[in-house]
Each structure stands twice: as structure tokens, then as C-alpha cells.
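Dear colleague,

I am handing over the structure discussed for your review. Please find it below, followed by an account of what was found in it.

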Amino acid sequence: VLGRRRCNIAAFMPEAAGFEGVKDRSALQEFSVSSSESFWAAAARQRLSWISPFSSVQDCDLSRGKIKWFDGGKLNVSVNCLDRHVHSCPERVALIWERDEPGSEVKVTYRQLLEMTCRLGNLLRRRGVKKGDCVTIYMPPCPLAVASMLACARIGAVHNVVFAGFSAEALAERIRDAQSSTVITVNQGVRGGKVTKLKETVDTAVESCPTVQQVFVAMRTENLVAMTARDVAMEEEMLKEDEVCEPAAMDSEDILFLLYTSGSTGKPKGLVHTQAGYLLYAALTHRYVFSYHDGDVFGCVADIGWITGHSYTVYGPLANGGTTVLFESTPVYPDPGRYWETVQRLKINQFYGAPTAIRLLLKYGDQWVHKYDRSSLKTLGSVGEPINTEAWEWYHRVVGEGRCPVVDTWWQTETGGICITPRPSEPDAEIVPGMAMRPFFGIKPVLMDTEGKVLTHNHTSGALCIAQPWPGMARTIHNNHQRFIETYCQPHPGYFFTGDGAYRSKEGYYQITGRLDDVINVSGHRIGTAEIEDVLNQCSVVAESAIIGYSHDIKGEGVYAFVVLKKGVDSEEADLSRQLNNMVSEKIAKYACPDYIQFVKRLPKTRSGKIMRRVLRKVVEQDMSGLGDLSTLDDPAAVQEIVQGHRELHSKQQQKQR
């Protein structure tokens, strides 16, 4: 029996054959944490193609924010994602571009994607893009966006993908911070039947970006757009290039990409991911969390502008030689059956989406799911925020017909890939609805109490930290290593602090309970409350504001704004609300707009002038008994006014809905 189990574990993960005493998956998990160097070295040798081998596995000191993996090794990420598969299976489909109009999908083989990537790499080189330069990509999910990412990787440039739903101002801020001289975009985007003017947005953005010298424009629609001297017709120019492009030999710790994410201050931070460790972690998590096998069609419906799109639409699947879906549309276009119609037509095997979309579709009823054949599905995944039990049950029972494991995946832009998730585990191990449950290989979660001590017992809650480094983690914040250290390394020295709270059950399973800082999660989009406040406070009639996240049955969290107007302002509140919403939409994005705006005379503050958000949160949650001690407030009467105002706004909204 022993020999057979040993053989089983080697069939599951070939590297395990060389791990002393590892006979099953739980032993493999233990080994990956206790002998993490041996584990990751074996995985890196087995799963990546190296130009020259690494000399040390890791050199990390979390307390100083020093993280190095596979030092001395050289490789090229695009070669790992393309060339090696072209050698073995050139006609295998790499990308299925699920365009906005159902039934108009486009398939791109590994050979075609390599050719596209090489032409674009040569074009970028010819136009002066050098190793280490940062290229900003402002495109919807499409094959040319993937080729743009891989072309950067091929020539050793850094890419900075900005979600195509961001406003010109938000785009400009990210271009400036990344110091990009090159931007890649499309003439127009198409999503949910609507055309968006992406090139126009870029034109507006680059007016305030002196570093930008050239803008490459791909044609998503037939419509011509105004082109200036700095604009380059991308596809036309690509045709002039050779289809062979020499890949740059990159050090393991050279930068692969920047990705901006919201923090608790108003300024988004550009997280830095590097080459080898990131790619290995994306590939391994993609293979084992979703039980991805050769020939499967992987359907991650996240936008490429988010880390999920980077790791599980692009890098993980392509490193594994997989077939990955690029989803351009929305869950409700042309109707709420879109996801399941796509599953049927493309025969998707693993489906990975966000709880907010699941909650939305649940409201439309089961008939939209039953209408389509979902027998191809083998695994369902959820990402972006904790999934509530009701949504989990519906996803499992209705979408997966009760036969597909649902993996609730917890991770962050910072972690590079999935860290806590029910699978891989023994195939019949239980999955508890609404829990991320089990750490992935090499991940050692710990909970901290408010004193900063490690909580060793179960059935307890605390601040979620990770006790040892892993290859996929972010290395720094672009141009601001100090902020990286203060945010992630200083709160609990020697540990990586995630900013999330978690509960560990009696059985030792993890459940994520939400952010511990002033960051809210709207439809899976992370946004710092300070970012929205900064925008509201720019309005000439606003004195100050406070943003609170509140529980929303579809979006997970909604945005509730408290706004104090300057003295002597006599504008109509409804007009002001509209104006403030437009400002947020223009400066950040539509999803950041407040659902409610309550105008108040003053905000509850401590005597030192700090806004008491805890109090505002209780008001919004209508938990008057939980207001707690108000004695530290500068002016306790302010709270009663706010409670009264909240009641009035609330009843007004309910009348509207009737």
C-alpha cells in the first residue's frame, strides 16, 4: 500500500517523489512549510525553463522587507508562457477571446500568440522601449492586451496594466507614478453593448503626463479616432516587424510588472512583482487549486486590469500551457444567462468569478442557469471578497449541480496568487461554505491578537499574517520601499501583515472576516475611503467628508458618504449629490460613487480632531446600542443629529423604492 500511495503523490505532484517521508497531500502540505526551500527549489526546477540556473533558493528578511527568490537564475517569462508550448503543441488554443457579442469568439493558438508577441516586442524595441522601461497598458481583455503584456516581458520592459474602467485622472496618476513614456490602448472599448472612448480618455490623461512620448493604438472597432504625432497605429506597424524576437535574459528578481491597488491613504500604491517567483506561484496555484489538466478550458472572467486577470487569465494558465478565456462582456449582457451560455458554447471546465456577480445573478432566478448545459464544469471558484453562505450554496447547487467543488480563494494583489483556499486537499476533504479554509503549499498563516502576540489556539479571531515568505509575494511599492515596510512588515515584525482579519475554526479552518483598515470592497474592487474623501473634499462647497462602507446585498459593501458643507452654502442637496457623484466618477471610477450622500452639520471627532469612523459605521449599520463610549467625543450632540439625518435619508430612499 505504501508504495502505491507514494506513487499516487508523485502522480499528483512529480516533485514529491524526491521529498523524504511525503506520502500523501497533508504530508506534502506540511513539508512545503517546514522545508520550504526544498519544496520551492524542486518546483522551480520542474516547472520553469531556465536560461541559467539559480544559485540560492531564497534570501529573505521579512522584518526589513527584503525578499529574494531564485537569485542568480536567469529566464524569460514569455518563453515560459509561449515558446516552450509552441515547440510541443503549436496548434493548441492559448486564448479564447469571448467578445462582447455572444457567439463571436476568437481562438488564438500558441503559435499565433507567439507571433503576435514577437512582432509587438520588435515594434516596442524599434520605437525605443528598453529593458527596465515601464509601459502602461490601458486596454480591455483581448488578445492584443495579452500580447502587449508578454511583449514587455519578452524584451524586459515592465508593464503597468490599468483597468479600462478608470477615469482619465486615475489613469494619469498611475502613468505619472510609473514614469511611463509609452502607453498602449485601443481606439474604443466594447462592453455590455456600449462603446467606450478609451483613446479619448488616454488623450485627456497624457495632457498631464509629460513623460509620455508615444501612444500605440489598436483598433477594437472600425471607428476611426483622431491621431496625433505621438500616436502609432499598432497593428499596421506590427505587420512590418519580423515574427522572431530575441527574448531578454532576465534575472529572477528583475521587475515583471507594476499593479496599482488602493491603500488606506489617498494615493494608490504601485505593487512590484518580479519574474521567476511570481510566475512559479501563479502556475502552481492555477494547476492545483483548480485541478487544471491539459486540454481543459479555464474560464476566469476577471478583467486583466486586476491581479486576478494577471495571475489566472494570463500568466498562470499560459505558463501551464493551458487554454484561457478572455471575457470582454458583463454577467448580464445580453441577459443574465451570459456566463452560462458562454460555459456551454466554449465548454468551460473551470469557472472563476466574483461573489458580487453571483449575488446579482442569484436575484434573477435559476431559470437563466438551467437554460444552458453546464456539464463541462468541473470546478467553480470565487475571488475578490469573502463569499456569503447564500451565494455559495446557490453557486454550488444551481450552477454546479452539486457536483463541482466550490473554491473560495483568499489572496491579494500583494500575495501574487491564491494563499488560502479549500483545494488542493485530499479529494474527498470537506468544504465549508463561505470559508477559504486551507493554506496553499508553502503558506503559513498566523493570527495575531491586539498585543501583537501569536494566537495558537483554535476557535479564535485575529489579524491575519503570513509567517514566512513565499515566491509570489510583492517585493516592494514602486519608488516607496518605506511605505511597503510600514504597511506590511512593521505592524508585526518578522511576519507579513495582510490588513485582513480572520477567524480560525475549532477544526483549524480559516474564514476571512474583512479589512482591518479604512479600505472597503465594492463589487470586489478595493478602494481606500481616503481616496473618495479626497475627491469629495476638492468640491468648492465641501468643508470635509467621511466615507463608510456598509453591508450591501449585491455589491458586498456599498459606499456611504457623510458630507459637511462650508458655511453659507445654499445649493439644492439633490443637485450637490449629483455633482459629487460625477466628480468621483470622473476622478476615480464609476464603482467608487457613493450610494448614499448624507449632508451633516459636523462630523463626530475626538478632542484631537480625528474623525470617529467607528461611530459613523454604527449609525449606518443602525446599531445604536453599539455606539459605545462617546465621552471622548469633542461634541457628543453631533451624533444625535447624524442619527436623525440618517433616519430621514433612509425613509426617503424607501419611499423612492416603493
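At roughly what angle do the axes of helix α6 (residues 143-155) and α11 cross? The model is a predicted one, and in it these two axes cross at roughly 60° and come within 12 Å of each other. With angles under 35 degrees counted as roughly parallel and those of 65 to 115 as roughly perpendicular, α6 and α11 are therefore oblique to each other. The crossing in which α6 passes α11 is right-handed.

The contact between this pair can be described residue by residue. From α6 come Val146, Met149, Leu150 and Ala153, which meet His310, Val314, Tyr315 and Leu318 of α11. Sorted by class, the contact of α6 with α11 has seven nonpolar residues, one polar residue and no charged residues.

Helix α11 itself is mostly covered, with 13 of its 13 residues buried. One of the residues in α11, which spans residues 307-319, is threonine 313. Because its relative accessibility is 2%, threonine 313 counts as buried, the limit for that class being under 20%. Apart from neighbours within four places in sequence, threonine 313 is in contact with Cys300, Ala302, Thr308, Thr324, Val325 and Leu326. Glutamate 235, by comparison, is 78 residues from threonine 313 in sequence, and the C-alpha to C-alpha separation of the two is 23 Å. Just after α11, glycine 321 takes a positive phi of about 70°.

The axes of helix α4 (residues 77-88) and helix α5 (residues 110-126) come within 9 Å and cross at roughly 135°. Since only angles over 145 count as roughly antiparallel, α4 and α5 are therefore oblique to each other. In this case the crossing is left-handed. On the α4 side the contact is made by Cys81, Leu82, Asp83, His85 and Val86, and on the α5 side by Tyr110, Arg111, Leu113, Leu114 and Thr117. By class, the residues of the contact of α4 with α5 comprise six nonpolar, two polar and two charged.

Turning to the strands, there is an open sheet of five strands in the order β22-β21-β23-β25-β26, and its pairing is antiparallel. Its edge strands are β22 and β26 (510-515), each of which pairs on one side only. Strand β21 (residues 445-448) pairs with strand β23 (residues 460-466) in the antiparallel sense over four bridges, and with strand β22 (residues 454-455), also in the antiparallel sense, over two bridges.

Individual partners can be named. Leucine 447 stands opposite leucine 464 in β23, while its bridge partner in β22 is leucine 455. Valine 446 stands opposite cysteine 465 in β23. In a regular strand the side chains alternate between the two faces of the sheet.

Finally, some details of the backbone should be noted. Most residues other than glycine have a negative phi, and most peptide bonds are trans. The following sites depart from that pattern.

- Phenylalanine 70 is not a glycine, yet has a positive phi of about 60°. Phenylalanine 70 lies in strand β2 (residues 69-71) and is buried, because its relative accessible area is 0%.
- Asparagine 479, also not a glycine, has a positive phi of about 65°. Asparagine 479 lies in the loop between β24 (476-477) and α16 (481-489) and is exposed, because its relative accessible area is 59%.
- Tyrosine 333 and proline 334 are joined by a cis peptide bond with an omega of about -5°. Proline 334 is found in the loop between β17 (323-327) and α12 (338-346).
- Arginine 423 and proline 424 are likewise linked by a cis peptide bond, with omega near 5°. Proline 424 is found in the loop between β20 (406-408) and β21.

Yours sincerely

Definitions and conventions. Residues numbered from 1 in each chain as written. Predicted model: local features only at pLDDT ≥ 70, side-chain atom pairs only at ≥ 80, totals over all residues. Heavy atoms only, no water. Buried < 20%, exposed > 50% of the residue type's maximum accessible area, 1.4 Å probe, protein only. Contact = heavy atoms within 4.5 Å. Axes fitted to C-alpha atoms, helices over the stretch in contact; angles between N-to-C directions. Left-handed = near helix turned anticlockwise from the far one by under 90°. Nonpolar A, V, L, I, M, F, W, Y, C, P; charged D, E, K, R; others polar. Pairing = 2+ DSSP bridges.
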